Amino acid sequence: MEVRHNWTVAEVQQLMEKPFMDLLFEAQCVHRQYQQSNYVQVSTLLSIKTGACPEDCKYCPQSARYTTDVEKERLMEVDRVLDAAQKAKNAGSTRFCMGAAWKNPKARDMPHLTEMIKGVKGMGLETCMTLGMLTPDQADELAGAGLDYYNHNLDTSPEFYGNIITTRTYQDRLDTLSHVRDAGMKICSGGIIGMGESASDRAGLFVELANLPTHPESVPVNMLVKVKGTPLEAVDDVDPFDFIRLIAIARIMMPLSAVRLSAGREDMNEQMQTLCFMAGANSVFYGCKLLTTPNPSEDKDMQLFDKLGINSQQVSQRPDEIEENDLLDRVVERVAARPSQDDLFYEASV
């Protein structure tokens with residue numbers, strides 16, 4: 001399959017309209033061509049500075065504009081962050097993500113952030129941060145400290161964006177992603193499903209992500225966690241099959257990216273999560289909390305992984321080096337080699 005950067009909304013809508021089983025089969029074939037099978041990368045996300053954010057993101061309980069149960073906290077001490085990182089590593093995480101409820105980091109915060117990065121890297125963990133908007137100089141400083149990934153979600157389509165956020169523009173977000181890429185860091189960028197957006201808006205989000213010059217290395221697909229006190233607390237629930245379809249579409253459009261099953265997993269049963277993995281999700285967050293919202297415990301995730309045979313035998317080779325002895329690969333090959341009805345008719349007539 002070709003890795004493309006020229007998707008259209010109409011093409012994505014056509015994928016949305018495919019029969020469910022056909023879409024999942026296509027996504028799984030793409031997944032096995034480009035990704036390790038039966039492997040899910042595990043990350044841990046820690047809120048290193050909580051609440052009192054000046055932004056007005058309507059989904060976020062950390063906004064100072066809304067009255068929620070979130071208590072504001074100052075930037076955590078470096079030692080506390082490193083202690084949490086060590087516990088995450090002991091629990092099986094390979095990447096440690098640190099999030100701060102800021103519009104953008106201040107100059108006084110940068111030395112503490114770089115110290116955190118260096119300390120976590122010293123443990124052998126991959127590092128990721130989400131701190132709001134970045135200037136080119138800030139991106140360079142974080143990269144210089146060894147930051148591997150920077151998370152900055154687009155959230156939704158450009159057309160629907162103004163209904164959710166007014167304190168920064170869509171172009172602001174794209175500019176930050178550009179600064180991150182120019183600094184040599186990997187990008188983690190995705191969106192949130194279930195904020196009242198249309199199917200066209202969902203298609204538009206994935207078009208924006210897939211048409212970036214380089215696909216994000218990590219694409220988190222979040223299902224909205226409705227929090228009392230936020231403007232979206234009473235929005236309609238997302239249909240589980242619609243969400244699974246979007247995981248499959250993300251895998252088809254961005255085959256080289258890790259598709260992360262992110263916020264909302266606490267409201268997904270094992271069967272829904274399993275279909276998401278079948279559709280191409282291959283990354284999750286470990287731990288009972290994602291910033292300020294609930295998340296399945298490590299034990300529950302390990303039990304599900306054990307049932308599915310995920311991470312039981314991690315593949316060390318790249319996907320293109322894996323021997324073609326997988327059952328699905330054999331099925332695909334046999335279908336491709338199967339004679340057509342015209343061929344069979346010709347042979348019978350001869």
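Modeller: A crossing is left-handed if the near helix is turned anticlockwise from the far one by less than a right angle, and right-handed if clockwise. The model discussed here is predicted.

Colleague: Which hand does the crossing of H1 and H8 have?
Modeller: Helix H1 covers residues 9-16 and helix H8 residues 199-210; their axes lie 9 Å apart, at an angle of about 115°. The crossing of these two helices is right-handed.

Colleague: Which residues of H1 make the contact with H8?
Modeller: On the H8 side the contact involves Ala199, Ser200, Arg202, Ala203, Gly204 and Val207. By class, the contact of H1 with H8 has six nonpolar, three polar and one charged residues. The residues from H1 are Val9, Val12, Gln13 and Met16.

Colleague: Is Cys53 buried or exposed?
Modeller: An unreviewed UniProt entry lists Cys53, Cys57 and Cys60 under "binding site". Cys53 sits in the loop between strand S1 (41-49) and helix H3 (78-90). Its relative accessibility is 8%, and the limit for burial is under 20%, so Cys53 counts as buried.

Colleague: Which residues does Cys60 touch, not counting residues up to four places away in sequence?
Modeller: Cys60 is also in the loop between S1 and H3. With a relative accessible area of 18%, Cys60 is buried. Beyond four places in sequence, Cys60 touches Tyr66 and Thr230.

Colleague: What is the largest C-alpha distance among Cys97, Cys128, Cys188 and Arg260?
Modeller: UniProt, in an unreviewed entry, places the feature "binding site" at these four positions. They are spread over 164 residues of sequence but cluster in space. The largest C-alpha distance is 13.8 Å.

Colleague: What is the relative accessible area of Arg260?
Modeller: Arg260 is in strand S8 (residues 258-261). Leaving aside neighbours within four places in sequence, its contacts include Gln41, Arg95, Cys188 and Phe285. Arg260 is buried, because its relative accessible area is under 20%; the value is 1%.

Definitions and conventions
Residues numbered from 1 in each chain as written. Predicted model: local features only at pLDDT ≥ 70, side-chain atom pairs only at ≥ 80, totals over all residues. Heavy atoms only, no water. UniProt positions renumbered as here; feature names shortened; annotations may be inferred. Helix = DSSP H or I, 4+ residues; strand = E, 2+ residues; numbered from the N terminus. Buried < 20%, exposed > 50% of the residue type's maximum accessible area, 1.4 Å probe, protein only. Contact = heavy atoms within 4.5 Å. Axes fitted to C-alpha atoms, helices over the stretch in contact; angles between N-to-C directions. Nonpolar A, V, L, I, M, F, W, Y, C, P; charged D, E, K, R; others polar.
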